[in-house]
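Please open the structure in your viewer and keep the selection tool at hand.

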Amino acid sequence: MSFMEYSEFIQEGDVVIIFLGHDSMMPVKVQSGAQTQTRYGVIRHSSDLIGQRFGSKVTCSKGGWVYVLHPTPELWTVNLPHRTQILYTTDIANITLMLELKPGSVVCESGTGSGSLSHAILRTIAPTGHLHTVEFHAQRAEKAIEEFREHKVSHLVTVRNQDVCKEGFGVTGVADAVFLDIPSPWEAIPHAKRAMKRKGGRLCSFSPCIEQVQRTCEALLDHGFEEICTLEVLLRVHDVRTVTLSLPDFGPEEGSTDSTQKEEVPNTGNASVVCKTATPPREMAGHTGYLTFATKPRD
């Protein structure tokens with residue numbers, strides 16, 4: 001099992017996603033002899049998981065069933081253990097697009113955090129690209145290295161435990177794109193510029209506060225970045241539900257003297273029609289952060 005390549009059968013040591021419902025999933029590391037408890041009963045790894053196909057429907061000990069899914073960056077984002085606040089797919093999709101990432105891209109990232117964005121970047125730049133990710137917190141850096149190795153993507157990523165604002169990314173003139181998710185991104189702008197290729201590239205900074213955005217934009221201008229823009233992505237999901245609508249009775253048609261054009265309109269009375277409609281949620285997640293993008297021109 002690898003996050004970059006899809007496998008057909010589940011093997012010992014794989015990470016699988018146990019799907020109990022759209023709002024209920026859990027990551028499980030498959031181990032011979034182990035068991036996983038769910039509200040539908042026990043899943044026995046040796047008999048229920050190992051050797052089964054990804055996507056299989058597995059019956060639990062209480063008679064209920066779950067699906068066993070192959071992990072993807074999107075599924076990992078909603079199931080990963082949180083070591084920090086994370087980026088979700090709505091922002092990740094825009095970051096990947098606006099940074100113009102593609103297979104073979106070299107990307108610098110800080111900080112690594114829980115690895116939500118890192119996995120999406122790795123999937124996009126594989127099989128020949130590389131991610132240089134910097135994490136200030138030593139334990140989080142070690143955990144990220146462990147997860148990348150477990151997910152069989154460690155050959156695509158280099159993790160450094162250092163302060164990007166003081167020590168930079170550890171590379172010079174190699175990055176096609178740089179992503180910053182740190183408290184003071186303006187302090188890392190010189191290091192980001194130094195890490196990027198001479199032919200230029202794209203930069204993105206994620207900040208929850210507009211004051212951070214203002215200082216970052218000032219630093220970007222001071223260091224010669226162009227095409228600076230800031231956007232905010234708000235996701236509004238509509239729920240589909242079935243409704244019953246009463247049919248109005250407008251009476252007989254009027255205004256026509258030609259008897260051949262007259263039509264008998266039946267009295268609908270209490271007639272109604274059943275249809276499906278989409279309704280916005282009463283509450284929705286609002287602001288997560290601002291995404292500031294900029295372009296480094298050619299040297």
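Two residues are in contact when heavy atoms of theirs lie within 4.5 Å. The model shown here is predicted.

Begin by selecting Val16. Leaving aside residues up to four places away in sequence, Val16 touches Ile10, Met26, Pro27, Val28, Val30, Phe54, Val68 and Leu69.

Next, widen the view to the largest nonpolar core, which has 47 residues. Val16 is among those with the most contacts inside this core, together with Ile18, Ile95, Leu99, Leu122 and Phe179. Select helix α4, residues 116-125: this helix gives the most to the core, with five residues. A second, separate core has 21 residues, including Val164, Trp186, Ala195 and Leu220.

Now turn to charged side chains. Side chains of opposite charge can pair when their charged atoms come close. The structure holds eight salt bridges, and three of them may be visited in turn.

Select Lys143 and Glu146, whose closest N and O atoms are 3.5 Å apart in a salt bridge. Both residues belong to helix α5 (residues 138-150), and because they are three residues apart, about one helical turn separates them.

Proceed to Asp176 and Lys197, which form a salt bridge at 3.0 Å, N to O. Asp176 lies in the loop between α6 and β10, and Lys197 in the loop between α7 and β11, so the pair ties together parts that are 21 residues apart in sequence. Asp176 is buried, at 16% relative accessible area, whereas Lys197 is partly exposed, at 22%.

Finally, select Asp299 and Lys296, joined by a salt bridge of 3.5 Å, N to O. Which of these is buried, and which is exposed? Lys296 is buried, with a relative accessible area of 4%, while Asp299 is exposed, at 60%.

Note on methods
Residues are numbered from 1 along each chain as its sequence is written. This is a predicted model: local features need pLDDT of at least 70, side-chain atom pairs count only at pLDDT 80 or more; totals for chains, interfaces and linings use all residues. Side-chain values use heavy atoms; hydrogens and water are left out. A nonpolar core is a set of buried Ala, Val, Leu, Ile, Met, Phe, Trp, Tyr and Cys residues joined through side-chain atoms within 4.5 Å. Buried means under 20% relative accessible area, exposed over 50%, partly exposed in between (1.4 Å probe, protein chains only). Helices (H or I, at least four residues) and strands (E, at least two) are DSSP runs, numbered from the N terminus. A salt bridge is a side-chain nitrogen of Lys or Arg within 4 Å of a carboxyl oxygen of Asp or Glu.
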